[in-house]
Amino acid sequence: MKNICIVFAFISFFLMFKPSNMKGQDAYYYFQNSTIHLFQDSSVVIMFFKDDFAHKNNDTTFNKSANISDYMIPEYDDEDTLVAILYTYYPIVDLEMFLDTLEISLNELEGISFGYKTRSGNCFIPTMEVAFRLKPEILISDILVQNLIDNYEAIFVEKNYDVYYFLIPDYNVFEFSNELVESSLALWASPDYYAEIILNSDPLYPYQYYLNNIGQIIDGVYGTEDIDIDAPEAWEITKGSSNIKVAILDDGVERDHEDLKDNQGNSKVIDGWTVNCWDFLFDCSGTHKRKCTFHGTAVTGIIAASHNNIGTKGIAPDIKIVPININKQGGAVTNMKHVARGINKAWDDFEADILNQSWSKHGDPDSQVLDAMEKALNFGRNGKGCIIVSSSGNLFTSGNVRFPASADNVIAVGAIDLQGNWFEWSAAGENLDFVAPSGYFEIGKEGANVRTLDRMEKKGASCISEENNYLESGGGTSASAAMVTGVAALLLSRNPNLTREEVYCRLAMTATDLGDFGKDDLYGHGLINAYRAIAYDNMVLTDKKFGGLQDFWASNTITSEGTIIEQGADVTLRAGNQIRVTSGRAKAGSNFHAYIDPTDPCIGGGTKMLITDNDPFSHIGRTDNNIKE
């Protein structure tokens, strides 16, 4: 049996169900201050057999339908209920007709329901129970609680510490759960459900502090909590789209790497282009050409490594990669004509949305490369403009951002460590746009290092002494640039119609300010943030500490819970409909602004805006009326 999406972890069960009550619509429930939307998946069916018909819950029954692609018959100690989870090749339109093919009638079942999927595509199978915790001043015997229980004919199952579990016979678990929250009776309430439990996650993920920094020790160095790009929060919204293509202009990409395959086992790296590749004996589609070259594959791993229980996790694992090998010899020198041609190939021939250039050149800017980039910026993506991300450069002494990152409208990215400190070798200056966490780029140097992909076997960085498919000592501004590329890919996956100016504006407005107040030469707009960049509908800021200049916008709502505004910080929240501040505090000497404005400040290439009390045109006067306690 192939792997399926449900691993049963929560085994609370149900004895009553009205088979006629088929829930045939999307649903939602509350998690903290967020609304979790679920979408009915009629290609997943869950059945609850009656005891007298337990003999039908078997392979013989389910093999009668050609539409069943897979199924699971979990085993439980509870003998009163027998469960089957069925997966179909195509959605079920007529449930009773489907049951007829299995020779099962509704009277033989305690219940039956479709499954659901979350926005991120994860399976969600509700049980018939609701878990909830009442507010401290509310008792289970209160009349309002009892009325609600009676209305739903809810049956008490158990109490675990302060959490109650009730069975809802008519499968109205979402309605019951939501009414508990909306009536302000419960601190929280949620349908019980089966969730996928991944026992063996990508083994190097805990070391990828730039994705989720919890203060872990990496190579002997303590991290600082939340000095990261908030990747796990972003993945709840999107992990990318196969319609988005990122071109890697580098020394090639290993197309057959085990950690660059999709769920069907196919490579996410499509055929690309190799410079000056005229010999039919060579692979001219953008792969590495020489042994011991690995840089392009390492960069690609940061951006798009699969979430598949091996290796590492990429920021945007569901996108496509276009390998553009502009340096097939893998050395330190390449022809600028080749670079320019590769850029033009990327945006024009391969229609890449984003170009990643994790390299810089010595000396002055180059006209032909600049011309090619301007074409990509102006004409790429059908006139919306390609996003070009380049590393600021690795310098052992502080210096200005190097070309091509120094060019106008190219996003220049520098590096910080896992504590939020600027790396002194990271090129900086007025052209710097953002920073992202990185590691020491010298292999073997003590300190925090980036985990990413190496080439398979003895071909990449470990080509001399050992076989190792993963790199544990990556770093430099090459890695930082790749992180910004990954975030931009998530943003375009969420909204592919954004212009390059709008993409830049969103990234700038949602970056975490570091260093001097506002944009500065060492940190640019600040630390890139994946979640805040893509959560432009409903943004939730929970238990965050903000310093410096912070400006957040959401088209619908912003919820701020447990937010602390540090001394000297200036934080602005703007939303189209509602701002909810449920707790938190602003320290002395800080400023906090919140106002409702349905106008997207990034539409039409707008720039980062900060509304202050001294601005006669601000909406501060309306703030108090729009903050919901």
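**Cavity, rings and charges**

The residues that line the largest cavity divide into five nonpolar, one polar and two charged, where Ala, Val, Leu, Ile, Met, Phe, Trp, Tyr, Cys and Pro count as nonpolar, Asp, Glu, Lys and Arg as charged, and the others, Gly among them, as polar. This is a predicted model, in which local features need pLDDT of at least 70 and side-chain atom pairs count only at pLDDT 80 or more, while totals for chains, interfaces and linings use all residues. Residues are numbered from 1 along each chain as its sequence is written, and side-chain values use heavy atoms, with hydrogens and water left out.

Rolling a probe the size of a water molecule over the atoms shows where empty space is left. A cavity here is a set of points, on a 1 Å grid over the protein atoms alone, where a 1.4 Å probe fits but cannot get out; lining residues have an atom within 4 Å of a point. Grid points are joined across faces, edges and corners, and a volume is the space filled by probe spheres set on the points. Searching the whole structure gives one cavity of 30 Å³ or more. The volume of the largest cavity is about 60 Å³. Its lining is made up of Arg 506, Met 509, Thr 510, Arg 532, Ala 533, Tyr 536, Trp 553 and Cys 602. At least two lining residues come from each of helix 10 (500-510) and helix 11 (530-534), and helix 10 gives the largest share, three residues. Helices (H or I, at least four residues) and strands (E, at least two) are DSSP runs, numbered from the N terminus.

Tyr 536, one of the lining residues, also takes part in a contact with a charge: the charged end of Arg 494 sits over its ring, 5.5 Å from the centre. The rule for such a contact is that NZ of Lys or CZ of Arg is within 6 Å of the ring centre and within 35 degrees of the ring normal. Lys 313 likewise has its charged end over the ring of Tyr 205, at 5.3 Å from the ring centre.

Rings of Phe, Tyr and Trp (its six-membered ring) pair if their centres lie within 6.5 Å; planes under 30 degrees apart count as stacked, over 60 as edge-to-face and the rest as tilted. Phe 62 and Tyr 71 make a tilted pair, with 5.3 Å from centre to centre and 55° between the planes. Phe 62 is buried at 1% relative accessibility, and Tyr 71 is buried at 12%; buried means under 20% relative accessible area, exposed over 50%, and partly exposed in between (1.4 Å probe, protein chains only).

Tyr 152 and Phe 176 form an edge-to-face pair, because their ring centres are 5.3 Å apart and their planes stand at 75°. Tyr 152 lies in the loop between helix 3 (143-151) and strand 7 (155-160), and Phe 176 in helix 4 (residues 173-182), so this pair ties together parts that are 24 residues apart in sequence. Tyr 152 and Phe 176 are both buried. They belong to a cluster in which ring pairs link Phe 132, Tyr 152, Phe 156, Tyr 164, Phe 166 and Phe 176.

Side chains of opposite charge can pair when their charged atoms come close. With a salt bridge taken as a side-chain nitrogen of Lys or Arg within 4 Å of a carboxyl oxygen of Asp or Glu, the count comes to 15. Lys 64 and Glu 103 form one of them, with the closest N and O atoms 2.9 Å apart. Lys 64 lies in the loop between helix 1 (59-62) and strand 3 (68-72), and Glu 103 in the loop between helix 2 (95-102) and strand 5 (109-118), so the pair ties together parts that are 39 residues apart in sequence. Lys 64 is partly exposed, at 39% relative accessibility.

In the salt bridge between Asp 162 and Arg 133, the closest N and O atoms are 3.7 Å apart. This pair links distant parts of the chain, 29 residues apart, with Asp 162 in the loop between strand 7 and strand 8 (163-167) and Arg 133 in strand 6 (residues 123-134). Asp 162 is partly exposed at 44%, and Arg 133 is partly exposed at 34%.

Conventions:
1 Å grid on protein atoms, 1.4 Å probe; cavity = no way out; pocket = protein on both sides within 12 Å on 5 of 7 lines; lining within 4 Å.
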